[in-house]
Amino acid sequence: MPVPKSEFDSLPPCDFYTPEELFETDQMYTVYEIARLLQGLEADVNIDRETEDILLDWAIPWIMTNADDLVVAEPRHDDEPGYYGLKE
C-alpha cells in the first residue's frame, strides 16, 4: 500500500555508490562481497543467509547497471562464484 511522502521526516536522493567509490582498483569481488559493500559493511563480514539474500537483491541490479565499468573473472574453482572488478 503506498504511503504519503508527508509521513517521512526526510527524503534524501536515492544515490548509489559508483564502482570507483566501491572497489579498490587492484581487487576483484564476488557478488556477495559487493552486496555487503553496497550496505557499508566490510566485504568479509558474516551475515545470516536471509539478510544476504536481501542484499543480493540490491547487488545484482547494481552490477548490471554498472557493467560498462566492470570486468569479470570466471570462478577459479567449481565451488566459488565469479569475480567483478574495475575496468581500467
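**Salt bridges and burial labels**

A: The side chains of Arg49 and Glu52 form a salt bridge, with 3.3 Å from N to O. The model is a predicted one.

Q: What makes the contact between Arg49 and Glu52 a salt bridge?

A: The cut-off is 4 Å between a side-chain nitrogen of Lys or Arg and a carboxyl oxygen of Asp or Glu. The N to O distance for Arg49 and Glu52 is 3.3 Å, so the pair qualifies. Arg49 and Glu52 are three residues apart in helix H3, which means a separation of about one helical turn.

Q: How do you know that Arg49 and Asp53 also form a salt bridge?

A: Their N to O distance is 3.3 Å, and the limit is 4 Å, therefore the pair counts. Both residues lie in helix H3, four residues apart, about one turn of the helix.

Q: Why is the pair of Glu52 and Arg36 called a salt bridge?

A: The N to O value is 2.8 Å, which is within 4 Å, so the term applies. This pair links distant parts of the chain: Glu52 is in helix H3 (residues 49-65) and Arg36 in helix H2 (residues 31-38), 16 residues apart.

Q: What are Arg36, Arg49, Glu52 and Asp53 linked in?

A: These four residues are linked in a network of salt bridges. Glu52 pairs with Arg36 and with Arg49, while Arg49 also pairs with Asp53. The search of the whole structure finds four salt bridges.

Q: Why are Glu52 and Arg36 called buried?

A: Buried means under 20% relative accessible area. Glu52 has 11%, so Glu52 is buried. Arg36 has 9%, so Arg36 is buried.

Q: What does Arg36 touch, leaving out residues up to four places away in sequence?

A: Arg36 touches Leu41, Glu42, Ala43, Val45, Ile47 and Glu52.

Q: Is Arg49 buried or exposed, and how do you know?

A: Arg49 has a relative accessible area of 52%, and exposed means over 50%, so Arg49 is exposed.

Q: Why is Asp53 called partly exposed?

A: Its relative accessible area is 34%, between the limits of 20% and 50%, so Asp53 is partly exposed.

Q: Which residues form the negative surface patch?

A: The patch is formed by Asp15, Glu20, Glu21, Asp68 and Asp69. Asp69 lies in the loop between H3 and strand E1 (70-73).

Q: What makes Ala73 partly exposed?

A: Ala73, in strand E1, has a relative accessible area of 27%, which is between 20% and 50%, so the label is partly exposed.

Definitions and conventions: Residues are numbered from 1 along each chain as its sequence is written. This is a predicted model: local features need pLDDT of at least 70, side-chain atom pairs count only at pLDDT 80 or more; totals for chains, interfaces and linings use all residues. Side-chain values use heavy atoms; hydrogens and water are left out. Helices (H or I, at least four residues) and strands (E, at least two) are DSSP runs, numbered from the N terminus. Buried means under 20% relative accessible area, exposed over 50%, partly exposed in between (1.4 Å probe, protein chains only). Patches are made of residues with over 30% relative accessible area and no salt bridge: like charges are joined within 9 Å, nonpolar side chains (Val, Leu, Ile, Met, Phe, Trp, Tyr) within 5 Å. Accessible areas come from the Shrake-Rupley method with a 1.4 Å probe; for residues, only the protein chains shown count as cover. Lys and Arg count as positive and Asp and Glu as negative; His and the chain ends are not counted. The place of a charge is taken as NZ of Lys, CZ of Arg, CG of Asp or CD of Glu. Contact means heavy atoms within 4.5 Å.
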